[in-house]
Amino acid sequence: GNNPGNVAMASSAQRSALVGVCMMLCMASVEGFMGTSPLAGLGLRQHVSAACSSKAVFSGASLAQRTSRTVPSVSTLAMNGPMHAAIDKVVKDNKIVLFMKGNQDFPQCGFSNTVCQILKACNAQFEDINVLENELLRQGIKEYSQWPTIPQLYIDGEFLGGCDIVIDMYQSGELVEMVERVMAEAD
């Protein structure tokens, strides 16, 4: 009926409108993501556009085959090649990367703020990636790390963990040593 998620029950016109809206939202996310992130320019627009195109889902299938199960989930799209490759590139190309809510100048969650303050206390120069700018990225980083929460800290290509783990590593002195070593290697 009126539930846009129920594709099987939608009329042909409603399905066409839903496909259009999905594609517009997906491309708007990609456009916003491409212009404001260190991931910009990695060729995501074409790959994500193809991944977001739902036209194939609605053409050539019987009404019984057109169920919400055939529409790729955000999670599936997040780990469909291009997003995984883009995240992997950022993690490997930067010595210290924090996937967070907001950015280091304006954290938008207490946990992200805590990790930023700890990194600053360690004199770490780090890249911040704002997961709030793109839902595919927000889900993709969780799948990439197999870790359900944000923030996520990567040092020297290795996933360290979230806020609690970073606090423990900072209090033990392990994080300071790791940051000093990585920063010295970068010079």
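Of the 187 residues of the chain, 40% count as buried in this model, which is a predicted one. Among contacts between residues at least 6 apart in sequence, 62% join residues at least 24 apart.

Aromatic side chains were examined next. The count comes to four aromatic pairs. In one of the pairs, the rings of tyrosine 144 and tyrosine 154 have centres 6.0 Å apart and planes at 55°, an angle that falls between the limits of 30 and 60 degrees, so the pair is classed as tilted. This pair links distant parts of the chain, since tyrosine 144 belongs to helix H7 (residues 135-145) and tyrosine 154 to strand S5 (residues 152-155), the two being ten residues apart. Both tyrosine 144 and tyrosine 154 are buried.

Tyrosine 154 also pairs with phenylalanine 159, the ring centres lying 5.1 Å apart and the planes meeting at 45°, so that this pair is likewise tilted. The two partners fall into separate accessibility classes: tyrosine 154, with a relative accessible area of 2%, is buried, whereas phenylalanine 159, at 22%, is partly exposed, because the limit for a buried residue is set at under 20%.

Tyr144, Tyr154 and Phe159 are, moreover, among the members of one aromatic cluster, which also includes Phe99 and Trp147.

Key: Residues numbered from 1 in each chain as written. Predicted model: local features only at pLDDT ≥ 70, side-chain atom pairs only at ≥ 80, totals over all residues. Heavy atoms only, no water. Phe/Tyr/Trp six-rings, centres within 6.5 Å; stacked < 30°, edge-to-face > 60°. Helix = DSSP H or I, 4+ residues; strand = E, 2+ residues; numbered from the N terminus. Buried < 20%, exposed > 50% of the residue type's maximum accessible area, 1.4 Å probe, protein only. Contact = heavy atoms within 4.5 Å.
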